[in-house]
Amino acid sequence: MLLSFVDWSIIIAFFVISLGIGVYVSKKSGKSAKNFFLSGRNMPWWLLGISMVATTFAADTPGLVAGIVRNDGVYGNWVWWSFLLTGMLTVFFYSKLWRKSEITTDLEFYELRYSGKSAAFLRGFRAIYLGVFFNIVIMATVCLAAIKIGHVMFDFSAVESLVVSCSITVLYSMLGGLKGVILTDFVQFAIAITGSIWATLYIVQMPEIGGIDQLLSIPEVQSKTSLFPDFSNPKVYIPILIVPLAVQWWSVWYPGAEPGGGGYIVQRMLAAKNTKHATLATLLFTVVHYAVRPWPWIIIGLASLVIFPDLSSLAAAFPNLDENYIKNDLAYAAMLSYLPSGLLGLVVTSLIAAFMSTISTHLNWGSSYVVNDFYVRFLKPEASEFNKVLVGRLSTLVMMICSALLALILEEAKQAFDLLLQIGAGTGLLFILRWFWNRINPYSEIAAMLSSFIIAAVFFIGRSYALWDIESYVELIFGVVVTTIVWVLVSLLTKPTDESTIKAFEKRVFDGSNKYKNFKYKFIGFACGVCGVYAALFATGYFIYSDFLLFTIASSICLLSMGILIANWKRIIN
């Protein structure tokens with residue numbers, strides 16, 4: 001594919017702007033670890049909310065969604081749509097608590113809520129386990145998308161794609177810290193959402209497609225458009241709808257959708273001006289993430305079935321691409337190869353922006369664990385602010401290199417998605433209850449983490465060597481049940497955290513008052529949020545499908561939910 005001068009100008013201008021922001025804020029960000037990792041705790045809700053959205057708008061996400069649509073149909077997205085419940089739970093029950101904790105990272109929670117050497121061990125171990133190893137796996141899946149996009153768009157080799165895509169990202173991440181990441185996220189999201197919508201409109205009008213009505217009338221496409229699976233077939237609706245809605249959302253730990261909040265989502269809550277800004281930021285993220293962004297990716301996924309009906313057609317279109325990369329998630333990038341000059345540059349820039357926003361966030365978040373929860377906590381408590389920032393910048397560089405190397409081994413985004421779900425299976429309920437159930441202690445968390453990891457490893461090895469043929473949702477349920485039983489038993493059989501630590505914790509996050517205060521109104525907020533966002537998601541789909549009766553019903557539910565939420569807002573957030 002040949003990019004014109006206009007295309008290259010757009011791409012280069014974006015690189016210059018991103019790097020310029022990093023340089024501009026580098027002096028202030030480098031003053032202290034607090035500035036580098038939390039931007040001084042003075043960020044407004046709208047900027048933080050957009051930053052959360054931009055972070056989860058990864059370069060691999062459009063490909064993941066398009067691949068799901070090609071494999072299962074639109075309803076296949078319930079595997080991640082179900083996490084809306086997780087997001088709303090975090091918004092109304094936990095965002096305020098996180099901000100009131102006044103900690104630097106969510107791992108610092110362990111020594112706030114628990115006590116003793118076991119709490120310190122848990123904090124240090126998870127700093128490396130999550131902040132380095134787990135984080136590198138996540139970033140590697142995003143780098144994999146960069147490899148595929150680089151080949152389709154530029155005819156780059158895997159190494160060339162990684163060198164180009166990673167170099168600017170790691171530079172401004174090292175320089176600007178969280179503030180640089182958040183400011184570039186805002187620019188990147190604007191470009192990314194504009195590019196994805198514009199590309200969708202153009203692709204749908206291609207002569208091969210013939211408009212949205214013609215696209216939806218094609219039998220192969222029509223069979224993939226339903227928002228819900230066939231309820232006459234348990235083998236379809238149980239794993240795709242029932243398990244995610246009944247089990248997955250509350251029981252599984254997944255980056256960006258942690259029950260009760262965690263990782264880079266909490267990092268942004270902690271960077272908010274106050275508790276109200278933390279709550280509004282998380283609400284904005286949840287609404288945009290689930291109700292606004294998915295449809296352009298879904299439509300392009302459906303359109304790709306016309307141009308590339310199967311994997312062999314994808315392989316024929318890109319004969320120089322390694323066959324290991326010929327998976328359904330390649331279809332999104334393949335469809336973009338049809339875009340004209342100018343629009344192509346904008347869309348390529350939007351994918352670069354999506355890549356950079358996700359990687360920069362994960363780099364800053366991971367290095368915050370390395371510095372705050374390992375280096376300073378265990379190796380050098382007396383470290384100067386200069387040394388903290390220096391270690392943060394060096395760990396950023398090392399993690400970027402490791403992620404790029406791992407990306408050369410992976411083949412498909414969905415592969416890593418399923419593995420991450422299985423590793424986190426059964427731990428979610430613990431993260432929800434640990435704020436309220438005093439029996440939970442460090443050993444509960446250690447047991448849950450070990451159990452879920454061992455079960456995931458056993459299933460992964462079994463699948464790799466074809467030792468058995470078990471559906472992935474069965475593996476997930478098994479992992480959830482066993483891990484939950486393990487950590488609950490450990491909680492009951494071991495001593496709870498000492499009373500003084502519990503009282504100090506509750507005084508800080510609950511103001512020493514009833515921890516169940518306003519729960520009725522928080523449940524109202526949760527229910528309205530879930531109903532309203534799902535209704536908005538469905539209303540958009542029914543409008544695209546020209547089903548105006550269902551569009552009207554869904555829109556009415558959305559407006560009603562919004563009205564109830566607004567009427568009770570002050571009680572909900574107090």
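User: Where does Ser341 lie?
Analyst: This is a predicted model, so local features need pLDDT of at least 70 and side-chain atom pairs count only at pLDDT 80 or more, while totals for chains, interfaces and linings use all residues. Residues are numbered from 1 along each chain as its sequence is written, and side-chain values use heavy atoms, leaving out hydrogens and water. Helices here are DSSP runs of H or I with at least four residues, numbered from the N terminus. With that in hand, Ser341 sits in the loop between helix H17 (331-336) and helix H18 (343-379).

User: Is Ser341 buried, partly exposed or exposed?
Analyst: Buried means under 20% relative accessible area, exposed means over 50%, and partly exposed is in between (1.4 Å probe, protein chains only). The relative accessibility of Ser341 is 48%, so Ser341 counts as partly exposed.

User: Which residues does Ser341 touch, not counting those up to four places away in sequence?
Analyst: Contact means heavy atoms within 4.5 Å. With residues up to four places away in sequence set aside, the partners of Ser341 are Ser4, Val6 and Asp7.

User: What distance separates the C-alpha atoms of Ser341 and Val243?
Analyst: Along the chain, these two residues are 98 residues apart. Between their C-alpha atoms, the separation is 44 Å.

User: Which backbone atom does the side chain of Thr90 reach at 3.3 Å?
Analyst: A polar contact is a pair of N or O atoms within 3.5 Å; within protein, one must be able to donate a hydrogen and the other to accept it, and residues adjacent in sequence count only if both atoms are side-chain atoms. Thr90 also touches Ser95, Glu258, Gly260, Met269 and Thr282, among others, not counting residues up to four places away in sequence. At 3.3 Å, its side chain reaches the backbone nitrogen of Gly261.

User: What does Thr86 touch, not counting residues up to four places away in sequence?
Analyst: Thr86 is also placed in helix H6. At 1% relative accessibility, Thr86 counts as buried. Outside the four places on either side in sequence, Thr86 touches Trp249, Ala257, Glu258 and Pro259.

User: How are H6 and H14 oriented to each other?
Analyst: Two packed helices are described by the angle between their axes and the distance between the axes. Axes are lines fitted to C-alpha atoms, for helices over the stretch in contact, and angles run from 0 to 180 degrees between N-to-C directions; under 35 degrees counts as roughly parallel, over 145 as roughly antiparallel, 65 to 115 as roughly perpendicular and the rest as oblique. The axes of H6 and helix H14 (residues 275-292) come within 8 Å and cross at roughly 165°. H6 and H14 are therefore roughly antiparallel.

User: Which hand does the crossing of H6 and H14 have?
Analyst: A crossing is left-handed if the near helix is turned anticlockwise from the far one by less than a right angle, and right-handed if clockwise. For H6 and H14, the crossing is right-handed.

User: How many nonpolar, polar and charged residues make the contact of H6 with H14?
Analyst: Thr90 and Ser95 are among the H6 residues that meet H14, where the partners include Thr282 and Leu283. Ala, Val, Leu, Ile, Met, Phe, Trp, Tyr, Cys and Pro count as nonpolar, Asp, Glu, Lys and Arg as charged, and the others, Gly among them, as polar. The contact of H6 with H14 comes to nine nonpolar, seven polar and three charged.

User: What hand does the crossing of H8 and H18 have?
Analyst: The axes of helix H8 (residues 117-154) and H18 come within 9 Å and cross at roughly 165°. That makes H8 roughly antiparallel to H18. H8 passes H18 in a crossing that is left-handed.

User: What is the phi of Asn518 near?
Analyst: Most residues other than glycine have a negative phi. Asn518 is in the loop between helix H24 (499-510) and helix H25 (519-544), and Asn518 is partly exposed at 23% relative accessible area. Phi of Asn518 is positive, near 60°.

User: How far apart are the C-alpha atoms of Cys531 and Leu559?
Analyst: Cys531 is found in helix H25 and touches Ile557 and Ser561, not counting residues up to four places away in sequence. Cys531 and Leu559 are 28 residues apart along the chain, with their C-alpha atoms separated by 10.0 Å.

Technical notes:
Helix = DSSP H or I, 4+ residues; strand = E, 2+ residues; numbered from the N terminus.
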